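Biologist: Could you walk me through this model before I set anything up with it?

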Amino acid sequence: MLIKSILSYRGPLYFSTIDWLLSEFKVAVQEHDISFKTYKKMISVMIEALENVTKYTDQLLCSDKLPKHYCPSCQISCNDTFIVIETSNPVKNQEVKPLRSKIDMVNSHDNHALKELYKSTITDGKFSSKGGAGLGFIEMAKTTGSKLEYDFESLSKDYTLYTLRVSMSK
């Protein structure tokens, strides 16, 4: 099945860049036969995924002097059945285990359990050192009804490339 690229970005990622990517996606959906319902869900997933990138990326790594894979990236693609967002960014090696644990924990829940997990997480009042309450992965899994896919690839003694893929029915 043919997979079409809808949107692709690689470079420093700031909140203004997220706004621009959301606007670009809004234009792109009209060219790729994506329903309004899917568009709304993907906007929610994009916001969560891209905000995670801004929280966990060391922006100083993204420069002309280093290989491109040190820069955050976002790719959205689709085929006749699915739409997929994939984000990548370098993270410090000590972030790998907590990220893997959070995603695995979310993936271990079905939709009903995710709703309960969301309620308990939003009411417990705990925030991470990065400023999040831990709702992003839960929200992405709840919104798409899909398991979150991830990869970690060693970049150096200090950094790992973290890739997150989230797909949903079109």
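This is a predicted model: local features need pLDDT of at least 70, side-chain atom pairs count only at pLDDT 80 or more; totals for chains, interfaces and linings use all residues.

Biologist: OK, how many helices and strands does the protein have?

Modeller: The protein has five helices and five strands, taken as DSSP runs numbered from the N terminus (H or I of at least four residues for helices, E of at least two for strands). Along the sequence they follow the pattern β-α-α-β-β-α-α-α-β-β.

Biologist: And what share of the protein is buried?

Modeller: Of the 170 residues, 47% are buried, where buried means under 20% relative accessible area, exposed over 50% and partly exposed in between, with a 1.4 Å probe and protein chains only. As for contacts (heavy atoms within 4.5 Å), 69% of those with a separation of 6 or more are between residues 24 or more positions apart.

Biologist: Which residues touch the most other members of the largest nonpolar core?

Modeller: Phe 25 and Met 46 do, in a core of 43 residues; such a core is a set of buried Ala, Val, Leu, Ile, Met, Phe, Trp, Tyr and Cys residues joined through side-chain atoms within 4.5 Å. The largest share of this core, nine residues, is supplied by α2.

Biologist: Where does Met 46 lie, and what does it touch?

Modeller: Met 46 lies in helix α2 and counts as buried because its relative accessibility is 0%. Beyond residues up to four places away in sequence, Met 46 touches Leu 7, Leu 21, Leu 22, Phe 25, Ile 76 and Ile 85. Ile 76 is 30 residues from Met 46 along the chain, with 9.2 Å between their C-alpha atoms. Phe 25, with neighbours within four places left aside, has contacts that include Ile 6, Tyr 39, Met 46 and Ile 83.

Biologist: Switching to helix packing, at what angle do α2 and α5 pack?

Modeller: The angle between α2 and helix α5 (residues 136-144) is about 160°, and their axes are 9 Å apart; axes are lines fitted to C-alpha atoms, for helices over the stretch in contact, and angles run from 0 to 180 degrees between N-to-C directions. The two helices are therefore roughly antiparallel, a label for angles over 145 degrees, with under 35 roughly parallel, 65 to 115 roughly perpendicular and the rest oblique. Among the residues making the contact are Lys 41, Val 45 and Ala 49 of α2, and Phe 137, Met 140 and Thr 144 of α5.

Biologist: What about α3 and α5?

Modeller: Helix α3 (residues 96-107) packs on α5 at about 35°, with 9 Å between the axes. In α3, Leu 99, Lys 102, Ile 103 and Val 106 meet Phe 137, Ile 138 and Ala 141 of α5.

Biologist: How many disulfides does a search of the whole structure find?

Modeller: The search finds zero, a disulfide being a pair of cysteine sulfur atoms within 2.5 Å. Cys 74 is buried at 2% relative accessible area, and Cys 78 is buried at 2% as well.

Biologist: Last one: is Asp 33 buried or exposed?

Modeller: Asp 33 is exposed, at 68% relative accessible area, in the loop between α1 (15-31) and α2 (36-56). Although Asp 33 is not a glycine, its phi is positive, at about 55°.

Technical notes: Residues are numbered from 1 along each chain as its sequence is written. Side-chain values use heavy atoms; hydrogens and water are left out.
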